[in-house]
Each structure stands twice: as structure tokens, then as C-alpha cells.
Amino acid sequence: MSISMTSTAAAVAVALLVVAGGAGLAAAGTSDLCGLAETAFGECTAYVAGGEPAVSRRCCRALGDIRDLAATAAERRAVCACILSEMLAAGDGRVDSGRAAGLPAACNVRVGFIPTNPNFNCFRVR
């Protein structure tokens, strides 16, 4: 098996873990961060946009996966920007700032780089 096929197989395996809501996202390479973060945060977008009345367990699991995905400040900034883009696209530009800001507390997951409004500056994330 060639190296590129092994890399492709590994990327597919990581993507399947995300779709299944599994752990192990932190093992992905930085080029995969955005896609993984967007896929995971997809579990939360309806709530943040005001379309669901409560935070789902799937969203909270995804939030934990997102936290584990970004270990460095640069990765947190990149993931933040990807999530902001996902939030705006999925919510048709609508983001309930209170819901977005309250996600970490609602899920009991410490994560400080989730965008809390449409104008959130991800470059300030540490």
C-alpha cells in the first residue's frame, strides 16, 4: 500500500469518527481541522441559530471534540474561523449571541474559542 493511500485511509477513518460523534478528532492533521470542526459544530448550528429549543447531547459531545481538536493558539484561531463560517452559513447569517456564548456552560465543556456573535474576532483567540 502506498503512503498516499494510507494517508487517505486515515483521513476517511477520522471523518467517520466525526460523523459518528466519536472521539479521536485531535489526531487529525491541521489541514483537516476546518472540515472536522465544521462537521462537528454542525450538531450545534440549529440551536445557535434559534431553530432548536435546547442544546442537544450531540452538540455537547461535538463541543468537547472541538475543544480537543485545537491544542495550539493557531489551531484554536483556525477552528474558530471555520466554526464562525459554519455558524453564519447554516443560520443564514443569524446567530443568537446568547445561545452561542452559553454553549460551553450549557454543555459543561470549557472551551474559549467558540464564536459568540457574527462579528467575533477569531484572531484574538489565544
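The buried residues of helix H5 pack against helix H2 (33–41), helix H3 (45–48) and helix H4 (57–69). This is a predicted model, in which local features need pLDDT of at least 70 and side-chain atom pairs count only at pLDDT 80 or more, while totals for chains, interfaces and linings use all residues. Residues are numbered from 1 along each chain as its sequence is written, and side-chain values use heavy atoms, with hydrogens and water left out.

**The chain as a whole**

The protein chain contains six helices and zero strands, in the order α-α-α-α-α-α along the sequence. Helices (H or I, at least four residues) and strands (E, at least two) are DSSP runs, numbered from the N terminus. Of its 126 residues, 36% count as buried; buried means under 20% relative accessible area, exposed over 50%, and partly exposed in between, with a 1.4 Å probe and protein chains only. The chain exposes about 6800 Å², of which carbon and sulfur atoms supply 56%. Such areas come from the Shrake-Rupley method with a 1.4 Å probe, and for residues only the protein chains shown count as cover. Among contacts (heavy atoms within 4.5 Å) with a separation of 6 or more, 68% join residues 24 or more positions apart.

The expected span is 1.5 Å times one less than the number of residues. Glu 75, Val 79, Cys 80, Cys 82, Ile 83, Leu 84 and Met 87 of H5 are buried.

Two packed helices are described by the angle between their axes and the distance between the axes. Axes are lines fitted to C-alpha atoms, for helices over the stretch in contact, and angles run from 0 to 180 degrees between N-to-C directions.

| Helix pair | Angle | Distance between axes |
|---|---|---|
| H2 and H5 | about 50° | 9 Å |
| H4 and H6 | about 95° | 10 Å |

H4 is therefore roughly perpendicular to H6, whereas H2 and H5 are oblique to each other. Angles under 35 degrees count as roughly parallel, over 145 as roughly antiparallel, 65 to 115 as roughly perpendicular and the rest as oblique. The crossing of H2 and H5 is right-handed. On the H2 side the contact involves Leu 33, Cys 34, Ala 37, Glu 38 and Phe 41, and on the H5 side residues including Val 79, Ile 83 and Met 87. A crossing is right-handed if the near helix is turned clockwise from the far one by less than a right angle, and left-handed if anticlockwise.

Thr 45 lies in helix H3 and counts as buried at 11% relative accessibility. Beyond residues up to four places away in sequence, Thr 45 touches Glu 86, Met 87 and Ala 90.

The 13 residues of H4 reach 18 Å from first C-alpha to last, close to the 18 Å expected. Its buried residues, which include Cys 59, Cys 60, Leu 63 and Ile 66, pack against H2, H5 and H6. Cys 59, Cys 60 and Leu 63 meet Leu 103, Pro 104, Ala 106 and Cys 107 in H6.

Val 111 stands in the segment after helix H6 (97–107) and is buried, with a relative accessible area of 11%. Leaving aside neighbours within four places in sequence, Val 111 is in contact with Leu 63, Arg 67 and Pro 104. Its C-alpha atom is 8.4 Å from that of Ile 66, 45 residues away along the chain.
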